[in-house]
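Please keep the sequence at hand while reading.

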Amino acid sequence: MSTDHRSVLSSAPLWRALIHLCIPMMAGFIVGAVYNIINAGFIGTLHSTALLAALTFSLPVFALIMAMGGVFGVGGGTLMSRLMGSEEAGGGENAPAAAAPSEATEARIRAVSSFTFWGALAAGAVLAVLGVVFASPIAQAVGASGDTLAPTALYIALMFGFCPVYVVCFALEQVVRAEGAAVASMTGLIASTVANLVFDVLFILVLGWGVAGAGVALGLSNLVMAGYYLWWIARRSSHASVSPRDLRVDGPMVREVMGVGASELLQSSFLIVTTLVMNWVAVAYGAALLAAMGVALRISQLPEMICMGVFMGIIPLLAYAHGAGNVRRLRRGVLASAASILGITLVFSSVVFVFRDGVFALFSADPAVIDDGVKILTAMLVATLFNGFTGLAIALFQATGQMRNAAIMAVAQGVLFIPVVFGARALWGFTGVVWAMTITEALCFVAALVLLWSSRAVLTGAGSSEAPGARDGGGTGAGADDGSDEGDGPGDGEGPDGAAPAGAAQHPGYLPATSA
């Protein structure tokens, strides 16, 4: 890792680090959201409702494919950051471990990143075969029928055909971010978006391939992104590797990577269930409600994506601080992220709420859609606040290797939403349906607070067994400070005489999983 990137994770002032890590993530998400609108516009020029429907029906499938990338990317990336931080666990920024990284730890980091790449590629290949063979049944399962079945099945088959590329892209993006290289991560996302626009023009407008053109364009643009990340890792990274020579697979590594990463797959799976249930309930109230939900969702996605940029961007810093046993920096990172999420949500929600009628009128002239949409948008804006804090809690659990807590939060929304929506509809009818998701998000937020309290040792350093602590008989421990956070002292969470807390790991090349 370059000194620049490492200093962002280890010692840069918190707000400077937050801006460095999170702004590029926000930019990448926003560019992607704008592209989704433009992509639908390209298909819209063909004046085919069936083709537009094919794009919509395929969204749950794409979400699952990307979640598989998250299994390896989030699990491998957070483990890499913790291992990098563990090199400094012997005594802060001036410790010998920070100046001369352990050879065993460096080898372990290369092994994790190589496993992340090759594991993602293998999983993507298996999914590709299964998806292409069962494309038509999958299209029917997501709701396609009649005129929409054939184009949906074609688009899904093409999506699965490029599945190894998609899975590898998401995994490699996490590997790059694990080193604190947020700008490189954003560059890959933007390069993919620009390439996608070019390929859309070529395959859809020039060659007239329709939905097949959209599928090929999406796959090739992700190939561009994968190529960029592979180049960056080979030429710019000081720690990561995708070489098969560095591939070393063992039980602890697999459990850590797959255990933490599984929360991504679980979360996406249950979000799909939530979407399908909501659509099934809402359809009973007419097409106006469904249309209003679609518009309100697009509006509320903007603050959600900005908040996502915060809590996803901060993960490498939290994981690094946890690996270093730097309890104060970990805690301050969480608080700074929470303050950012609160400020973003309050400012955006207040502005949109004040001008809600005019904002919604930009998307529809139907009075019924506008009336329903304003009610739904109000509920979604309230839900956004809870969603941002819940996302931060999941990010903290993933960063600190708390597999069980991350998994619980990943499934909480899907599990809670079904009884909430049916119960709210029975009690309050239409209003209950509108506010069901907000109620669910609030309950998830409460669950996150309970889990955070139960695992408070991670943030306080009291009795912590998660941080690596001192190795080879010396050094300061879990409370080693980064030396830059406005008066932070070195004593936070330390044991007697600055020693690591009891139970700190002794293995120089592996940080064990935490299960709070």
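With which residue does Arg-110 form a salt bridge? The partner is Asp-246, and the closest N and O atoms of the two are 3.6 Å apart; a salt bridge here is a side-chain nitrogen of Lys or Arg within 4 Å of a carboxyl oxygen of Asp or Glu. The model is predicted, with local features needing pLDDT of at least 70 and side-chain atom pairs counting only at pLDDT 80 or more, while totals for chains, interfaces and linings use all residues. Residues are numbered from 1 along each chain as its sequence is written, and side-chain values use heavy atoms, with hydrogens and water left out.

**Overall fold**

- The chain has 20 helices and zero strands, taken as DSSP runs numbered from the N terminus (helices: H or I, at least four residues; strands: E, at least two).
- Of the 516 residues in the chain, 55% are buried (buried: under 20% relative accessible area; exposed: over 50%; partly exposed: in between; 1.4 Å probe, protein chains only).
- Among contacts with a separation of 6 or more, 83% are between residues 24 or more positions apart, a contact meaning heavy atoms within 4.5 Å.
- The chain exposes about 20200 Å², of which carbon and sulfur atoms supply 70%; accessible areas come from the Shrake-Rupley method with a 1.4 Å probe, and for residues only the protein chains shown count as cover.

- Four salt bridges are found in a search of the whole structure.
- Side chains of opposite charge can pair when their charged atoms come close.
- Arg-110 lies in helix H6 and Asp-246 in the loop between H11 and H12, so this pair links parts of the chain 136 residues apart.
- Arg-110 is partly exposed at 29% relative accessibility, and Asp-246 is likewise partly exposed at 22%.
- A salt bridge also joins the side chains of Arg-108 and Asp-250, at 2.6 Å from N to O.
- Arg-108 belongs to helix H6 (residues 103–133), and Asp-250 to the loop between helix H11 (211–235) and helix H12 (251–282), 142 residues away.
- Arg-108 is buried, at 13% relative accessibility, whereas Asp-250 is partly exposed, at 27%.

- Glu-173 and Arg-177 form a salt bridge whose closest N and O atoms are 3.1 Å apart.
- These two residues are four positions apart in helix H9 (residues 163–178), and are therefore separated by about one helical turn.
- Both Glu-173 and Arg-177 are buried.

**Helix H14**

- Helix H14 (residues 315–324) is largely enclosed by the rest of the structure, because 10 of its 10 residues are buried.
- Its buried residues include Tyr-320 and His-322.
- Just after H14, Gly-325 adopts a positive phi of about 70°.
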